[in-house]
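Subject: Structure for you to look at

Hello,

Here is the structure I said I would pass on. Please open it first, then read the notes below it.

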Amino acid sequence: QVQLVESGGGLVQPGGSLRLSCAAAGRIFSIYTMGWYRQAPGKQREFVATITSGGRTNYADSAKGRFTISRDNAKNTVYLQMNSLKPEDTAVYYCTVERVSGPRYWGQGAQVTVSS
């Protein structure tokens, strides 16, 4: 079973930056497409970004130009660099392992709060 552990969340002022990390257990991390999703209070989970094993990326419109997904296969880790943060980015952010049908495995989530 794949285990995912997010870290790097916290409180940041509008316009600030955070870098989330997701450490994946296992020896086959490099073959997976990985993703980030988020869930704001009272809302459904929404797609943020994905990155394939070869480094191809895809972003939600809300993230494009501000967020960057990356991966370090040697460390079994995927990252989400978040810049120019807005209050509407406040959410729990989840790391995922993607299959062709969509997310298959989920981490427990990391809280990101953007507020003055």
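Which residue in S9 does Thr33 stand opposite? Thr33 faces Glu98 there. Please keep in mind that this model is predicted.

Thr33 belongs to strand S4, which covers residues 33–39. S4 and strand S9 (residues 91–99) are paired in the antiparallel sense, with 7 bridges. In general, the strands of a sheet pair through backbone hydrogen bonds, in either a parallel or an antiparallel way.

S4 also pairs with strand S5 (residues 46–51), again in the antiparallel sense, over 5 bridges. One of the residue pairs here is Tyr37 with its bridge partner Phe47 in S5. S4 and S5 form a hairpin with 6 residues between the strands. In this hairpin, Gly42 has a positive phi near 75 degrees.

Is S4 mostly covered or mostly open? Strand S4 is mostly covered, as 5 of its 7 residues are buried.

There is also an open sheet of 4 strands, in the order S1-S3-S8-S7, with antiparallel pairing. Strands S1 (4–7) and S7 (67–72) are at the edges and have a single partner strand each, so one side of each has no neighbour in the sheet. On average, neighbouring strands of this sheet are turned by 15 degrees against each other, with direction ignored.

The partner of S7 is S8 (residues 77–82); the two run antiparallel and are joined by 6 bridges. Within this pairing, Ile69 has Leu80 in S8 as its bridge partner.

Regards

How values were computed
Residues numbered from 1 in each chain as written. Predicted model: local features only at pLDDT ≥ 70, side-chain atom pairs only at ≥ 80, totals over all residues. Heavy atoms only, no water. Buried < 20%, exposed > 50% of the residue type's maximum accessible area, 1.4 Å probe, protein only. Pairing = 2+ DSSP bridges. Axes fitted to C-alpha atoms, helices over the stretch in contact; angles between N-to-C directions.
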